[in-house]
Amino acid sequence: MGGDAGAPRARLAELVAALSLGVDLGFGQPMEHVLRQCLIALRLADVAGLGEQDRMAVYYTALLVNVGCHADAHEQAKWFGDDITLKSGKYVHELGSVRGALATMRLVGAGNPPLHRFRVGLEFAFSGHRQLDGMISQHARLARTLAEQLELPGAVREGVGAAYEQWDGRGWPGTLKAGAIPAAARIAQLAEFMEVAHRVGGVAGATALARRRAGRQFDPALAALLCSHANVIFAGLETAPAWRTVIAAEPALAVELSPDQLDRALAAIANFVDLKSPFTLGHSVAVAELAEDAGRRLGLPPEQVLALRRAGFVHGFGRLGVSNSIWDRPGPLSAGEWERIRMYPYLTERMLHQSAALAPLGEIAVQHRERLDGSGYPRGLSGGAISRPARVLGAADAYASMREPRPHRPARPAEEAATEMRAEVRAGRLDGAAVDAVLEAAGHRLPRRREALAGLTAREVEVLILLARGLSNKQIAERLVITPKTAGNHVEHIYAKIDASSRAAAAMFAVQHGLLPEETLAAPARP
């Protein structure tokens, strides 16, 4: 793993494939849905006679096509009750159809009492729909951003950026149609819908859907090619070991990541996953840095310190499988909702376990919410059953979480967080040495410097941080003691200056430029 002698080197394909398992969960689909759509896309590319470079673009476009769709899960849950339920409806009705629109509208305010649903519907009619304008286009734009951060070639970036365009020009953002849409995007989109249709209705169901939407959503030539070679394209799809087959099929690049490349890729994906909620922006990178410093202060071997840092990056991957109707709820959670939260470290482990290079990180991450007295989750481990690195990661996650706002409370002051951490030690839940190391590492935390970025004023930076955290213009105005109109003007200026059109895009800008989380470590003393 990375720079460890003799350890397996992580491949970029493994990292992207692991992330795709979380995308499956976020769409309410069974794990390996995206992997199977990648196989369909590759087989279709082969039948079409595409060369190796074009197959590479198809490969990564198919794996990344929906990776940006969780970035505005906060807004999706706010208006429609459950972001995962909303996204799972993508495959039920034709995109952009009247039936699809009506089905979406029936979800407004879902999960709430009738009076509350009426209020949400009224608010949505007056202002909420504006938040959703351009949402799908923004998903493609964010996916392209991640492809850039993963240093993937231009053909992949163009493919994911056009992944929601349709053959008839009625897709998103609606700037391309027919043959102007990159082939990788046309193939990946067809493969995505074919995977679901085949899983539900077999070859007959898949080919019927391809013919029905040919010339509208799908490239008619590709749809015809798929139908005429259906037996080859869908052969053994249900029984094929999807992970091994997809990783073995990586075309052209077969990129093995250097230690530095792996760290950059993990950090990029961590920031992307943390976009799921405005309350977790930058959380994973902050935990990774804190855990690394604490591990070093404890005198852990260098390979364990490195693993701790990387486990910090990945520890929240499983959050993609839990709805924002739970993560972002300000009130108490039901027993059933708590059970879903208790599953997310397990989901992280399952996302990583098939990669020899990433599985060791999952083994640490799955234990970060366990507690020494057996009160943690997902397995209720206690005492010596919890590894030392996991104890350090758990302490780093607990401290960072306390210092960040959550839907049910504001961010806690540093001294209050430290007091609570020590109380957890006395109660027998957290490891004393791990907590001491984390608090020592956090003792020189400084406010992030807020230089002028993209021409933003100091006040606009303050507004940007609150906007990224999910506050409305009215809430921003109350926090900063300004009028809602002034807050709205600031938001408009911010969007223009940073070239963003949504809270999710503004949040990504804030995280990328070090504005979130709002604290950072001073240069730690090196032993």
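Predicted model: local features only at pLDDT ≥ 70, side-chain atom pairs only at ≥ 80, totals over all residues.

Where does Pro378 lie? Pro378 is in the loop between α20 (359-365) and α21. Helices here are DSSP runs of H or I with at least four residues, strands are runs of E with at least two, and both are numbered from the N terminus.

Residues are numbered from 1 along each chain as its sequence is written, and side-chain values use heavy atoms, with hydrogens and water left out.

Let us return to the loops. Tyr377 and Pro378 are joined by a cis peptide bond with an omega of about 15°. Another cis peptide bond joins Trp172 and Pro173, with omega about 0°, and Pro173 is in the loop between α9 (154-161) and α10 (183-213). Most peptide bonds are trans, and most residues other than glycine have a negative phi.

The loop between α9 and α10 also holds Ala178, which is not a glycine and yet has a positive phi of about 50°. Ala178 is partly exposed, at a relative accessible area of 22%; buried means under 20%, exposed over 50%, and partly exposed in between, with a 1.4 Å probe and protein chains only. Asp499, likewise not a glycine, has a positive phi of about 55°. Asp499 sits in the loop between α26 (484-498) and α27 and counts as exposed at 52% relative accessibility.

Next, burial. Why is helix α4 (residues 73-80) described as largely enclosed by the rest of the structure? The reason is that seven of its eight residues are buried, among them His74, Glu75 and Trp79. Just after α4, Gly81 takes a positive phi of about 85°. Leu516, in the loop between α27 (503-512) and β2 (519-521), is also buried, at 2% relative accessibility.

Finally, a pair of helices. The axes of α16 (residues 302-314) and α21 (residues 388-402) come within 10 Å and cross at roughly 45°. Such axes are lines fitted to C-alpha atoms, for helices over the stretch in contact, and angles run from 0 to 180 degrees between N-to-C directions. The two helices are therefore oblique to each other, since angles under 35 degrees count as roughly parallel, over 145 as roughly antiparallel, 65 to 115 as roughly perpendicular and the rest as oblique.
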